Number of protein chains: 2
Amino acid sequence: MADHFADRLTEAIKSKGTPAIVGLDPIYSNLPKQIIERKDLNDETDVEVAIDAIMEFCTKVLKTVAPLVPAVKINSAFFEKYYWEGVEAYYSVVQEATALGLEVIGDVKRGDIGSTAQAYANAHIKNPDFLDMDGIDAPDAITINGFAGTDGIIPFAETATEQGKGLFVWVKASNPSANILAEFANEDGQQYYEFLAEQVATLACEPKYLGSCGYSNIGMVIGGATAEQAQTLRQQYPHMLFLVPGFGAQGALASDCLEFCKDDGSGALINASRSIIYAYDNPQYQGQYGDDWVKCIEQACVDMKAQLSSANV
Amino acid sequence: MADHFADRLTEAIKSKGTPAIVGLDPIYSNLPKQIIERKDLNDETDVEVAIDAIMEFCTKVLKTVAPLVPAVKINSAFFEKYYWEGVEAYYSVVQEATALGLEVIGDVKRGDIGSTAQAYANAHIKNPDFLDMDGIDAPDAITINGFAGTDGIIPFAETATEQGKGLFVWVKASNPSANILAEFANEDGQQYYEFLAEQVATLACEPKYLGSCGYSNIGMVIGGATAEQAQTLRQQYPHMLFLVPGFGAQGALASDCLEFCKDDGSGALINASRSIIYAYDNPQYQGQYGDDWVKCIEQACVDMKAQLSSANV
């Protein structure tokens, strides 16, 4: 397996033939009734029971999507709400996904400066070889918050790189108030997110971060971009990997998302979370597969790949 | 005890007679040799041993500073680096600080949008009454990252408010690359941090967030401000509480920090972390108290209060 995150990811995109990835945002009350109505899993107020239910769900989702997609994004927030027990479960899900051959992105959005940024990097992107925690590895990449600029990013970037891992720096969010901030412009008409993207990209193209595939292991999260914004970012930063959230439930269009990919299909990951993992709530799939919730998820994932594939023609 | 975070905090500042607060950023290798050279605590690679050492340290620091300051800030990153075991220790420290009558700020800098922001809010600022976790409460307030603007803040703000708790939204950081971003200006000359501060302050002065003291439970973290910037923010936003990091080791001056306080001494918290908790490494205190590391910390805290007090005259 390649030692550089961008090389591994680029190989995985090629081998699975898609930039589609699946996000795991598990919420107990949204889980299939076949799980939460089971007597041993039917108590949301019991932390261990709730986590067992979530683990059962995540394990099945991972096995279902592993043959189909290059990577999964695991959202830490939905585990952290169960305190330390949830954090332990998060790492179990990371290990399971890794064992299935998936590239694993820990969606943790951490960000700070100085020694705190270094502590967060040690916590989230460094394999804990320095501790007696056999069998636990950090994810292949994490998302971070770029609010403090490059010197808040460097501790994460250096730690990730030493470990053959990667980062996606959150540069643009899709929600309305984030747009108000992201589109705050200077007198040259440059928007804040463009300015932040430039800062991140300048760091990311230092030779020590580039893989043999030409991409950097330091990428960006870009939400809510228009097709034109996506084209511009793709052209300006040929060495950048983009993580594009919001396909499906959040309404991003396949054709817009695909502007982040190069012609050979590399260079971006397009994430859908709820529209895939909760596909059994979608009347379309209920009609096709009834109570077979696993089949609903599989078909939604297949359909997402097809949508992205046909939009790319 | 007051049900509104800003009321409790304002009372605590008055009763302790200082805006000084102490930040706990515990790093094993920096702990007093009396702790880490103890046979049962002398193994940094054993997670349980490392955490026991950190807990022993934090417990002594909290007991020492509790009579002196209104609040402590507990930095989650330094606990998260020990994975779930560290997260459990973080909550133990939060409980100990609360039991000592301190207002407790969890420095977690979380930030995201939509359902993820809500999950982080549930994880970090909501007492887990909905789970079977007796005796665990969330901190009185947390720091969050304002990158996604007000609709990323609202889930935290509403959850905090329901619980009588507070937030400090990170609006400006002190490091050089954060300044490059924060000082990115629009054509009216308004800087990005000023624009973000305006967004946060507009939300924070909604009546539902205001305590009877006149302050909102939604405050801001402002690092690296000049005296002039501090004066401007204080005047523009009379209902805002400011959390000011960087006193001591990071070099912020007492006189500059105090510009965030009103004439009656209310309205701001001035945090020092390393210069207080590692005061036993400072030759000045070593000379005075030798190996009595607890006394060094106590004196550093007393001295910080005096510095802020004399600069205020």
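Leu167(B) stands opposite Ile218(B), a residue of strand 6 of chain B. This is a predicted model, in which local features need pLDDT of at least 70, side-chain atom pairs count only at pLDDT 80 or more, and totals for chains, interfaces and linings use all residues. Residues are numbered from 1 along each chain as its sequence is written, while chains are lettered from A and ligands numbered from 1 in the order in which they are written.

**The barrel of chain B**

- Strand 5 (residues 166-172) and strand 6 (residues 218-222) of chain B run parallel, joined by five bridges. Strands pair if DSSP finds at least two bridges between them.
- Eight strands of chain B close into a barrel, in the order 1-2-3-4-5-6-7-8, with parallel pairing. From one strand to the next, the twist averages 30 degrees.
- Helices (H or I, at least four residues) and strands (E, at least two) are DSSP runs, numbered from the N terminus.
- Strands of a sheet pair through backbone hydrogen bonds, either parallel or antiparallel.

**Where the chains meet**

- Chain A gives 52 residues to the contact, and chain B gives 52 residues. Two residues are in contact if their C-beta atoms, placed from the backbone, lie within 7 Å.
- Helix 6 of chain A supplies the largest share of the side of chain A that touches chain B, seven residues.

**Symmetry**

- Chain A superposes on chain B by a rotation of 180 degrees with 0.0 Å of shift along its axis (RMSD 0.0 Å).

Terms used:
Copies are superposed by least squares on the C-alpha atoms of residues with pLDDT of at least 70 in both. Axes are lines fitted to C-alpha atoms, for helices over the stretch in contact, and angles run from 0 to 180 degrees between N-to-C directions.
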